[in-house]
Amino acid sequence: MKAIKAVSLSVALAVSMSVSADDKAGWPSSFTVGTASQGGTYFGYGTAWANIVAEATGVTGGAEVTGGPMQNMALVHTGDNAFGMTTLGPARESMDGTNPIAPGLQMTGACAMFPMYQTPFSVTALKSSGIASISDIPAGAKIGFGPAGSTSDTYFPRMMAEALGVDFERRNGGWSDLGGQLQDGLLDVIAFAAGVPVPAVSQLEVQTDINIIEFTEEEQAKILAAFPVSKFDIDASIYSTLDAPARSVSMWNFAIANCDLPESFVYEAVKAVMGDNERMVKAHKAARSTLVENWDKNNFMPWHPGAARWFNENGASIPSDLIHQ
């Protein structure tokens, strides 16, 4: 298994003694959490909760670099990965059979596990470029949209072209690589769709002067009318570059689990992550939204029975028809 920062099995086994042998029947010997590229929020957030789950359950596990939400839906659906992370837009498309990785295949083997955070869509350019608004982006601009198949790559080019009328050349790559290309003048703009703070943006603003470009009210309204997103403001405290909230739009992210995993294993995994939000926030600030009350942001993906049991024991009211049978 390709895993990053896997927790020591001997240490994890000692921690997991509170779970009985009967409860652990059928548990996997190891697990992988599908994330996205290094330099993005998925990788940092996913590594954190993979380690927490491994420590709590006694099952060796870690995070794996992937192509992002679309690929994670496919990997979890097939069982190649036990866990993954996805935004709800790609989840819906995957369940409907329109995932570009396997067109026509309805990926119903991935179940909801817990809410993570909202993914804002934001635009970054070097201050020296003079690009300070969407309307400043020149025709034919080279725009980096993140890894191919990612949430950003799936939705942001369409937002730019269809809703905002931007003419561009599309570029793909990991966030860290695209940040380097922006600094080197190989890109004009990066269009990020990732939980904030995006590590690549934080690194950029330490190394150079950048503009974090917000949408105008009119631009925001056009995107809201055409895509499955909601209003969002990037708080000024997130980046040193900002001196006021930046108007944006966002899409919710959920952790997912293979639907065939044992109920008791997923229950303990969810308990480990959701039961100590302070620990998750220390690992990644985006986890401030990883809260029980956000269970209702998912209204179509069936919940894993183990996850649903933990949430319903802790204040949620997930209906039975939204729990995987």
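A cavity here is a set of points on a 1 Å grid over the protein atoms alone where a 1.4 Å probe fits but cannot get out, and its lining residues have an atom within 4 Å of a point. The model is predicted, so to speak: local features need pLDDT of at least 70 and side-chain atom pairs 80 or more, while totals for chains, interfaces and linings use all residues. Residues are numbered from 1 along each chain as its sequence is written, and side-chain values use heavy atoms, with hydrogens and water left out.

**View 1. The largest cavity and its lining.** There is one cavity of 30 Å³ or more, and the largest holds about 160 Å³ of space (a volume being the space filled by probe spheres set on the points, which are joined across faces, edges and corners). Its lining has 19 residues, with A36, Y42, W175, A193 and A194 nearest the centre. At least two lining residues each come from α2 (41-57), β4 (110-126) and α5 (151-163); helices (H or I, at least four residues) and strands (E, at least two) are DSSP runs, numbered from the N terminus. Sorted by type, the lining has eight nonpolar residues, 11 polar and no charged (nonpolar is Ala, Val, Leu, Ile, Met, Phe, Trp, Tyr, Cys and Pro; charged is Asp, Glu, Lys and Arg; polar is the others, Gly among them).

**View 2. The salt bridge of R279 and E55.** A salt bridge puts a side-chain nitrogen of Lys or Arg within 4 Å of a carboxyl oxygen of Asp or Glu, and for this pair the N to O distance is 2.7 Å. R279 sits in helix α10 (residues 277-283) and E55 in helix α2, 224 residues apart. R279 is partly exposed at 36% relative accessibility, and so is E55 at 29% (buried is under 20% relative accessible area, exposed over 50%, partly exposed in between, with a 1.4 Å probe and protein chains only).

**View 3. The salt bridge of R170 and D153.** Here N and O are 2.9 Å apart. Buried or partly exposed: what is D153? D153 counts as buried, at 8%, whereas R170 is partly exposed at 42%.

**View 4. The salt bridge of R309 and E263.** The closest N and O atoms are 2.8 Å apart. R309 belongs to helix α11 (residues 305-313) and E263 to helix α9 (residues 263-274), 46 residues apart.

**View 5. A salt-bridge network.** E214, E217 and R247 are linked together. The whole structure has 12 salt bridges.

Methods
1 Å grid on protein atoms, 1.4 Å probe; cavity = no way out; pocket = protein on both sides within 12 Å on 5 of 7 lines; lining within 4 Å.
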